[in-house]
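Biologist: Could you take me on a close look at the aromatic rings and charged side chains of this protein, and at how they join parts of the chain?

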Amino acid sequence: MKSTHLVEVVPIRLEPHPNADSLSIVRVFDGYTCCVRTADWAGKTKGAYLPPDSVVDSARVEFAFLAGHERIKVKKLRGIVSMGLLMPVAEDVALGTNLAEELGVTHYDPPLPRSSSGEATHAPAGYRPVYDVDTLRRYAHIFEAGESVWITEKIHGAAARYCWVGDAMHVGSRTEWKREGKNNLWWQVVERYPELTEFCRAHPDITVYGEVFGNVQDLKYGAKPGEIRFSVFDLLRGSAWINAAEARQIGATLPWVPLLSEGASFDLETILAMAEGKSLIAGANHIREGIVVKPLLERTHPEIGRVCLKVVANGYLER
């Protein structure tokens with residue numbers, strides 16, 4: 001499962017801004033709103049949409065006005081949340097065209113502490129994919145109105161993979177498998193959580209996916225200096241993701257990410273609101289990064305593959 005950063009060409013339909021005559025609102029996909037200067041978009045029917053956490057090259061003439069602010073964020077403009085940036089495109093460019101490469105736009109990845117990198121090693125045998133999910137605001141239409149969904153907190157840290165293969169524990173970050181080392185962030189989890197090794201040894205057919213957090217990123221979740229924590233968010237058996245409730249039963253001895261709802265009825269506005277608020281991690285005194293939404297029973301969709309989508313909180317993106 002892998003998402004790709006997109007800068008898609010979208011239709012432009014201007015709606016009046018309730019608090020500013022010079023601004024208009026453009027609704028993009030299923031759940032984004034973007035504020036624009038009305039005069040700049042008069043008569044235009046298409047634009048390239050840069051979602052929040054896009055990173056631009058301000059040395060390019062079209063992005064020179066963003067010098068010093070290359071990371072696109074969420075902000076409020078006269079009381080309306082504006083998510084991302086719209087750039088004009090030629091009218092003959094087809095809707096849906098991805099201009100990320102042409103415009104040199106990349107995705108923002110928070111830097112990890114230098115000591116956490118660790119030396120890479122070969123991957124263990126088997127299917128253990130890089131974990132990445134797309135945004136619900138882009139693909140909310142994949143859920144049916146009223147569909148029962150499973151909602152968990154999205155934690156701000158470093159993704160990790162753990163499995164037992166060939167009589168040994170194997171440890172990976174989101175993109176690399178790591179050689180054992182005391183200063184390695186992902187191997188420190190193994191030492192701190194012996195139940196993780198016990199689980200993997202007892203279930204060699206399962207790969208554990210989770211988040212290493214605490215003194216990892218700028219959200220600390222109440223961790224003491226030097227302290228790291230770990231929470232599981234998914235289990236993969238062979239090449240199949242295990243249904244959420246069953247996964248928690250199988251991995252009852254493991255620490256899991258906070259559960260916001262088991263079986264909430266899907267309503268987009270309600271789900272988006274659930275992404276906001278304080279983290280549910282014990283000891284945390286700050287906002288949550290967002291939520292992850294998936295069906296109660298695993299399924300796939302031709303647009304994105306596995307149906308598992310995230311909502312990054314506006315409060316987090318406004319920081």
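**Rings and charges, close up**

Modeller: Let's start with Tyr 131, which is buried at a relative accessible area of 11%. Please keep in mind that this is a predicted model. Phe 233 is buried too, with a relative accessible area of 18%; buried here means under 20%, so Phe 233 falls within the limit. Both residues belong to a cluster that ring pairs build from Tyr 131, Tyr 209, Phe 233 and Trp 241.

The model has 10 aromatic pairs. One of them joins Tyr 32 and Tyr 49, with 5.1 Å from centre to centre and 55° between the planes, a tilted arrangement. Because Tyr 32 sits in strand 4 (residues 32-37) and Tyr 49 in strand 5 (residues 46-50), this pair ties together parts that are 17 residues apart in sequence. Tyr 32 and Tyr 49 are both buried.

Back to Tyr 131 and Phe 233: their ring centres are 4.7 Å apart and their planes meet at 50°, so this pair is tilted. Here the link runs between distant parts of the chain, 102 residues apart. Tyr 131 is in the loop between strand 11 (120-121) and strand 12 (134-135), while Phe 233 belongs to strand 18 (residues 228-237).

Rings also meet charges. The charged end of Arg 201 sits over the ring of Trp 164, at 4.6 Å from the ring centre. Arg 71 lies over the face of Tyr 108, with 3.9 Å to the centre of that ring.

Asp 53 is in the loop between strand 5 and strand 6 (54-55), and Arg 71 in the loop between strand 6 and strand 7 (74-77), so the bridge ties together parts that are 18 residues apart in sequence. Asp 53 is buried, at a relative accessible area of 10%, whereas Arg 71 is partly exposed at 21%.

The salt bridges number 17 in this model. Among them is the one between Glu 119 and Arg 179, whose closest N and O atoms are 3.4 Å apart. Glu 119 lies in the loop between strand 10 (106-107) and strand 11, and Arg 179 in the loop between strand 16 (177-178) and helix 4 (185-192); the pair therefore ties together parts that are 60 residues apart in sequence. Glu 119 counts as exposed, with 52% relative accessibility, and Arg 179 as partly exposed, with a relative accessible area of 42%. Elsewhere, salt bridges with shared partners connect Asp 234, Lys 294, Glu 298 and Arg 306 into one network.

Asp 40 and Arg 37 form another salt bridge, at 3.8 Å from N to O. Asp 40 is partly exposed at 38%, and Arg 37 is exposed at 53%.

Now for a charged residue without such a partner. Arg 137, in helix 3 (residues 136-139), is buried and has no salt bridge. What the side chain of Arg 137 does reach is the backbone oxygen of Gly 31, at 2.7 Å.

With strand 21 (residues 290-295), strand 24 pairs in the antiparallel sense, over four bridges. In that pairing Leu 309 is the bridge partner of Val 293.

Key: Residues are numbered from 1 along each chain as its sequence is written. This is a predicted model: local features need pLDDT of at least 70, side-chain atom pairs count only at pLDDT 80 or more; totals for chains, interfaces and linings use all residues. Side-chain values use heavy atoms; hydrogens and water are left out. Rings of Phe, Tyr and Trp (its six-membered ring) pair if their centres lie within 6.5 Å; planes under 30 degrees apart count as stacked, over 60 as edge-to-face and the rest as tilted. Helices (H or I, at least four residues) and strands (E, at least two) are DSSP runs, numbered from the N terminus. Buried means under 20% relative accessible area, exposed over 50%, partly exposed in between (1.4 Å probe, protein chains only). A charge sits over a ring if NZ of Lys or CZ of Arg is within 6 Å of the ring centre and within 35 degrees of the ring normal. Two strands pair if DSSP finds at least two bridges between them. Lys and Arg count as positive and Asp and Glu as negative; His and the chain ends are not counted. A salt bridge is a side-chain nitrogen of Lys or Arg within 4 Å of a carboxyl oxygen of Asp or Glu. A polar contact is a pair of N or O atoms within 3.5 Å; within protein, one must be able to donate a hydrogen and the other to accept it, and residues adjacent in sequence count only if both atoms are side-chain atoms.
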